[in-house]
Amino acid sequence: MKRFLLILAALWLGVVSLQAQDTTRTAPVDSALIGKSILSVLGSGVQVEQSAPVRQALEKHIHDNAAKPISGYRIRVFYDNGPQARSRSESIEHSLKKQFPGTGVYRSFESPNYKVCIGDFRSKDEALRIFNTLKGTYPTAFIIKESINYPR
């Protein structure tokens, strides 16, 4: 009985120590800084002295990670599989590109549905700004959580 209690106590201590070591946390990113160098947002009165290898390492890190998808939000404007779905998705894509020239518009086909989404938003608040302008024209539009491209 003592052996059983001793083994049980050892297992409990192991589990508690493993839980205490879980320190993985993701810091929120300020979307206003996306695509900007930290040095460019410091202001004109700030002088940063930085060695060339450090600057090169930072630029290499930014370049290597810019193509990786990140978690964010898009607005699904169109989703249909009817006989006219392809032509409608093409016309919606074209009109969204005209209306929001700086925002990414994505048209895809996932059998049997055509989809049109807009945006690469880091937060739901950013998506809501454009969503509120779109909901009059596209009443079936909705915000989805999706892997997005790094905002330009």
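1. In this predicted model, phenylalanine 109 has a relative accessible area of 48% and is therefore classed as partly exposed, since that class lies between the limits of 20% for buried and 50% for exposed. Tyrosine 114, by contrast, has a relative accessibility of 17% and so counts as buried, the cut-off for that class being under 20%.

2. The count of aromatic pairs comes to one. It is formed by phenylalanine 109 and tyrosine 114, whose ring centres are 4.6 Å apart and whose planes meet at 45°, so the pair is described as tilted; planes under 30 degrees apart would have counted as stacked, and those over 60 as edge-to-face.

3. A further point concerns tyrosine 106, over whose ring the charged end of arginine 74 is placed, at 3.9 Å from the ring centre.

4. As to the fold, the protein contains four helices and four strands, and these elements follow one another from the N terminus in the order α-α-β-α-β-β-α-β. Of the contacts between residues at least 6 apart in sequence, 69% join residues at least 24 apart.

5. On burial and surface, the protein has 152 residues, of which 23% are buried. Its accessible surface amounts to about 11500 Å², and carbon and sulfur atoms account for 57% of that area.

Notes: Residues numbered from 1 in each chain as written. Predicted model: local features only at pLDDT ≥ 70, side-chain atom pairs only at ≥ 80, totals over all residues. Heavy atoms only, no water. Phe/Tyr/Trp six-rings, centres within 6.5 Å; stacked < 30°, edge-to-face > 60°. Buried < 20%, exposed > 50% of the residue type's maximum accessible area, 1.4 Å probe, protein only. Lys NZ or Arg CZ within 6 Å of the ring centre and 35° of its normal. Helix = DSSP H or I, 4+ residues; strand = E, 2+ residues; numbered from the N terminus. Contact = heavy atoms within 4.5 Å. Areas by Shrake-Rupley, 256 points an atom, 1.4 Å probe, with all protein chains shown as cover.
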